[in-house]
Amino acid sequence: MARYAGRKLASEQVNQSTRRISIPLAYLANERQVAIQAVEQASKLCQAVFNRLVTSETLTKKDKSPVTIADFGAQAVVNAILAEHFPADPIVGEEDSKDLQGDAGKEMRNKVVDLVNSVGDRPMSEAEVLQAIDRGQYAGGATGRHWTLDPIDGTKGFLRGEQYAVCLALIVDGQVRLGVLGCPNLEQKQGSESKGVLMVAVDGQGAFQRALDGGAETPIRASSVSDTTQAAFCESVESGHTSHGDSERISALLGITKAPVRMDSQCKYAAVARGNADVYLRLPTRADYEEKIWDHAAGNVIVREAGGRVGDITGKPLDFSHGRTLAQNRGVVATSAGIFDQVVGAVQNVLGSKAV
Ligand SMILES: Nc1ncnc2c1ncn2[C@@H]1O[C@H](COP(=O)(O)O)[C@@H](OP(=O)(O)O)[C@H]1O
Ligand SMILES: [Mg+2]
Ligand SMILES: [Mg+2]
Ligand SMILES: [Mg+2]
């Protein structure tokens, strides 16, 4: 039986004249492979930066330059790989090369170019690096296909040596169809010593994880909890990114007794997707903040394909068709499927008119 990533292919065609079986490529098979390769390389680059440049000195000086260099370098690496394989595809990336231009940007620019060339397979000139970064300027939208990239999500976590993720997704006609997360500091299994996880999902094909440095993919599932008093929830470490006070009131209403697990980045979607957490709450701290598509696209398809549900604080699905931000949504609620409506109900109850 023809199988792809553990699932039966929709059609296995038998050519009657030759009796040869030709197996059609699964939907987005090539994109899946290239996206994984790009995320692996960018994750390696980030780890190299952390090992070389994040020192107790940079940390005490609150010097953010290591993460800035890694942000630019990872975006250059991913965009160059996408450009090579899918030259017609536009990219919505978080970073742009503005701060690397001119005399003011020279020092940083040199560091980024050196870094990219120290990890990549193919040497890149300064101009190529800048050009690759700026392929990420696409405005996004509802038609056609485009990628969205967060070269390092959870920059604060990266600097603390905690969770961060390289996040890449493909959006087709406003729908997220493919997502890959590279999570260098995530435990391969909850409680295990080995770290570094890659998660991937394609629409309709399930969600999978494997070690970031290779090996076989295994399917992942969100939890089947139906009683919210048994649920565990996760949220951002940063109180500027989510309201910890509101989540405390919501979890009290749901009878949740376990303390929240706070972690940076889309590793929270990864935790829900493999059943380590049952709920991810991202509750607005400001009326005017629009969530960025690159902060949610990959996690969105991975949780959905793992059998979970994702919406905003009103339960409405996240709408990736409005450009670079989720302009039509506020906040995020991601849960295992059985408790989604109950959790959204509690969010509405606590946020009241703020949740409209
Ligand atoms: N006021 C705000 N509300 C929600 N998210 C915010 C925010 N200000 C910044 N962010 C986003 O929060 C992301 C990190 O999320 P988390 O807290 O879950 O780790 C940041 O991504 P980067 O780290 O890629 O810049 C940034 O885009
Ligand atoms: Mg981000
Ligand atoms: Mg980022
Ligand atoms: Mg940022």
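User: How many bridges join strand E8 to strand E9, and do these strands run parallel or antiparallel?
Analyst: Seven bridges join E8 (residues 175-187) to E9 (residues 195-202), and the two run antiparallel; strands here are DSSP runs of E of at least two residues, and helices are runs of H or I of at least four, numbered from the N terminus. This is a predicted model, in which local features need pLDDT of at least 70 and side-chain atom pairs count only at pLDDT 80 or more, while totals for chains, interfaces and linings use all residues. Residues are numbered from 1 along each chain as its sequence is written, with chains lettered from A and ligands numbered from 1 in the order in which they are written.

User: And what is the bridge partner of Gly179 in E9?
Analyst: In E9, Gly179 has Ala201 as its bridge partner.

User: What order do the strands of the open sheet have?
Analyst: The seven strands have the order E5-E6-E7-E8-E9-E10-E11, with mixed pairing, where two strands pair if DSSP finds at least two bridges between them. The edge strands, E5 (91-93) and E11 (214-219), each pair on one side only.

User: Switching topic, where are the domains?
Analyst: Domain 1 covers 29-219 and domain 2 covers 228-355, with bounds that come from an automatic or database domain assignment.

User: How many residues of each are in contact?
Analyst: 39 residues of domain 1 are in contact with 27 residues of domain 2, contact meaning that the C-beta atoms, placed from the backbone, lie within 7 Å.

User: Which element gives the largest share on the domain 1 side?
Analyst: That is E8, which supplies nine residues of the side of domain 1 that touches domain 2.

Terms used
Contact = placed C-beta atoms within 7 Å.
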